[in-house]
Amino acid sequence: MKKWSDLIRERIYNPRDKSRVQETHVKYMLARTQRMFKYEGLPETIPQRMLELYLQTWGYCAIGEYQGSLYAYTGGLGGVPDEYYRPTIFTVANPYQNLTANWEIGKDCVLIRNDSLEMGMLPLYNRYAYHLTENELSMLLSDINSRVIGLISAGDDRTLDSARQYLSDIEVGKIGVIAENAFLDGIRAQPYAGQSGRGMLTDLIEYEQYLKASWFNELELDANYNMKRESLNSSESQLNNDALTPLIDDMLNMRKAFVEDVNKLYDTEISVDFASA
């Protein structure tokens, strides 16, 4: 078993590993949205965690019966389309259960959708996670560059060594001493950091808040992204309420529809509604 210190070392945050940072953003959001809905009466063989994970990542899955118990399955859609060009067959392959079958949707299984278009949450999550990852890297670079107050150039090795020693003395807290005029004549210093750098970092921080607020608003979680730097009055603080998108309402409708179908086909008493947030 790995030590906790080894686990921490493996998970050290590295903003330059953009794929991993983006993946982490998506996973944390998936962990949050695991509690968007609350189910009652789910069979023990269908954990809510796995059901929501299938729906939010795949966009759809199916509930079918195996040896007298109901399970949630991922799989492929096909068959002869119905009158609205919707698939009629769900193909399931579960190695653990040694199950391979082509189920007729509505008869052998119930197709359940995360949303009306079976998109799932990953396209939305990856979009915001991508921009957040890029912005975090920009903030890192801006933060590091703000440490550079000036650029020093030297014309020869002797002057370069003297400049390095001077900066080293300053870094450890010693009083820097210049021993000869040749040092002053041989180096050139140019100012680097200024108000523009600090302003850029402020803009990047505001952009991050905007991205996070927009991401939450897509899920009908009210997060204000008003960039006004003065205090907000009551009407301004309520501006978001009219802009929240109905995506989560569509998701709830899809869940209520499949719950009704499952209850009819398998004589269960499952119900679903919004959870706390």
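View 1. The 15 residues of α5 (residues 157-171) should span 21 Å at 1.5 Å a residue, and the end C-alpha atoms are 21 Å apart, which agrees; the expected span is 1.5 Å times one less than the number of residues. Gly-173, which follows α5, has a positive phi, near 100 degrees. Helices (H or I, at least four residues) and strands (E, at least two) are DSSP runs, numbered from the N terminus.

Residues are numbered from 1 along each chain as its sequence is written. Because the model is predicted, local features need pLDDT of at least 70 and side-chain atom pairs count only at pLDDT 80 or more, whereas totals for chains, interfaces and linings use all residues, and side-chain values use heavy atoms, with hydrogens and water left out.

**View 2. Helix α3 and the glycine after it.** Gln-48, Leu-51, Glu-52, Leu-55 and Gln-56 are buried in helix α3 (residues 48-58). Seen down the axis of α3, the buried residues fall within an arc of 115 degrees, so they line one face of the helix. Just after α3, Gly-59 takes a positive phi of about 95 degrees.

View 3. Leu-122 lies in helix α4 (residues 122-145) and is partly exposed, with a relative accessible area of 25%. Leaving aside neighbours within four places in sequence, Leu-122 is in contact (heavy atoms within 4.5 Å) with Val-26, Leu-30, Gln-56 and Thr-57. The C-alpha atoms of Leu-122 and Gly-59 are separated by 8.6 Å, although these residues are 63 residues apart along the chain.

**View 4. The nonpolar cores.** The largest nonpolar core has 33 residues, and those with the most contacts inside it are Phe-37, Tyr-39, Leu-51, Ile-112, Tyr-125, Phe-258 and Val-262; such a core is a set of buried Ala, Val, Leu, Ile, Met, Phe, Trp, Tyr and Cys residues joined through side-chain atoms within 4.5 Å. Helix α9 (residues 247-266) supplies the largest share of this core, seven residues. Beyond its neighbours within four places in sequence, Ile-112 is in contact with Leu-51, Leu-55, Tyr-60, Cys-61, Ala-62, Ile-63 and Phe-258. A second, separate core of 11 residues includes Tyr-60, Ala-62, Phe-90 and Val-92.

**View 5. Paired aromatic rings.** Rings of Phe, Tyr and Trp (its six-membered ring) pair if their centres lie within 6.5 Å, with planes under 30 degrees apart counted as stacked, over 60 as edge-to-face and the rest as tilted; by this rule the count comes to seven aromatic pairs. The ring centres of Tyr-71 and Tyr-73 are 6.2 Å apart and their planes stand at 50 degrees, so the pair is tilted. Tyr-71 is partly exposed, with a relative accessible area of 22%, whereas Tyr-73 is buried, at 3%. Ring pairs link Tyr-66, Tyr-71, Tyr-73 and Trp-103 into a cluster.

Methods
Buried means under 20% relative accessible area, exposed over 50%, partly exposed in between (1.4 Å probe, protein chains only). The arc is that of the directions from the helix axis to the C-beta atoms.
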